[in-house]
Amino acid sequence: MARISKRVAAARQGIDRNHPYPVEEAVKLLKERATAKFDETVEIAMNLGVDPRHADQMVRGVCNLPNGTGRTVRVAVFARGPKADEARAAGADVVGAEDLMEQVQAGNINFDRCIATPDMMGLVGRLGKILGPRGLMPNPRVGTVTMDVAGAVGAAKGGAVEFRVEKAGIVHAGVGKVSFEDGKLVENIRAFVDAVARAKPAGAKGAYIQRVSVSTTMGPGLRLDLASVTTPA
């Protein structure tokens, strides 16, 4: 049996991992137990009643967190001409076409989000095996293939979080930092749950959202009371 450190044991003290906590109480408990020497990320995990192996049960989308993620996001944009200028003016960190493709092929991927104009997808498509596994491939369903590059860059910089269900039917994401005010974390959590709820696929049967849990980078996980995150308090 793995040995539990004193820090982990202290963080778990007073917590019932099977008890569904109201989101406000859960946030308070998480913050009280966040003892790392850095600003920990607050993470959410949602167990969904879907089987991603079936195309009509795939869950994917984007959520614009009302209070941002608390992290700096580097954005790359594949565009030419006026659209490239528009992307730079909006704050994109890397902008290019063939030159950017060569950088990616060489393994120089110094960005967290990738956006492309539709006319660039022939070029970007060649990078699918590199960008796809990293979750960076532009996709029109989440607004990263668009002519509105300024809007897409602004959303990425402002707190847009992409989500995609994993093989086990789980969606997870970072929804803020421990340093956020309690109310702002609660707002972000509810916004994310709402975005996933609205992305319910046509093929989903039975209970769609089965379980929601939150945790910090170094802290214990807490199960949330579903009513507290799916309906107004």
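## Strand E8 and its partners

In this predicted model, strand E8 pairs with strand E9 (residues 222-223) in the antiparallel sense over two bridges, where pairing requires that DSSP finds at least two bridges between two strands. Ser213 stands opposite Arg223 in E9, and five residues lie between E8 and E9 in the hairpin that they form. Strands (E, at least two residues) and helices (H or I, at least four) are DSSP runs, numbered from the N terminus.

E8 itself covers residues 209-216 and is mostly covered, with six of its eight residues buried; buried stands for under 20% relative accessible area, exposed for over 50% and partly exposed for what lies in between, with a 1.4 Å probe and protein chains only. Strand E1 (residues 41-48) runs antiparallel to E8 and is joined to it by seven bridges, and Met46 stands opposite Val212 in E8.

## The antiparallel sheet and its helices

Four strands, in the order E7-E1-E8-E9, form an open sheet with antiparallel pairing. E7 and E9 are the edge strands, each of which pairs on one side only. Helix H2 (residues 23-32) packs on this sheet and touches E1, E8 and E9, and its direction makes about 30 degrees with that of E8. Helix H8 (residues 182-198) also packs on the sheet, touching E1, E7 and E8, and its direction makes about 155 degrees with that of E7. Contact here means heavy atoms within 4.5 Å, while axes are lines fitted to C-alpha atoms, for helices over the stretch in contact, with angles from 0 to 180 degrees between N-to-C directions.

## The parallel sheet

Three strands form an open sheet in the order E4-E3-E5, with parallel pairing. Its edge strands, each pairing on one side only, are E4 (94-96) and E5 (113-116), and the twist averages 15 degrees from one strand to the next. Strand E3 (residues 75-78) runs parallel to E5 and is joined to it by four bridges, with Phe78 opposite Ala116 in E5. Helix H4 (residues 98-105) packs on the sheet and touches E3 and E4, its direction making about 120 degrees with that of E4.

## The largest pocket

The largest pocket has a volume of about 880 Å³. Among the 30 residues that line it, the closest to its centre are Arg134, Gly135, Glu162, Phe163 and His172. The elements that give two or more residues to this lining are E1, strand E6 (160-164) and strand E7 (170-177), and the largest share, seven residues, comes from E7.

A pocket is found on a 1 Å grid over the protein atoms alone, as an open set of points where a 1.4 Å probe fits, with protein on both sides within 12 Å along at least five of seven lines, and lining residues have an atom within 4 Å of a point. Grid points are joined across faces, edges and corners, and the volume is the space filled by probe spheres set on the points.

## Phe38

Phe38 lies in the loop between H2 and E1, and Phe38 counts as partly exposed because its relative accessibility is 46%. Leaving aside residues up to four places away in sequence, Phe38 touches Thr217 and Met218.

## Basis of the model

Residues are numbered from 1 along each chain as its sequence is written, and side-chain values use heavy atoms, with hydrogens and water left out. As this is a predicted model, local features need pLDDT of at least 70 and side-chain atom pairs count only at pLDDT 80 or more, whereas totals for chains, interfaces and linings use all residues.
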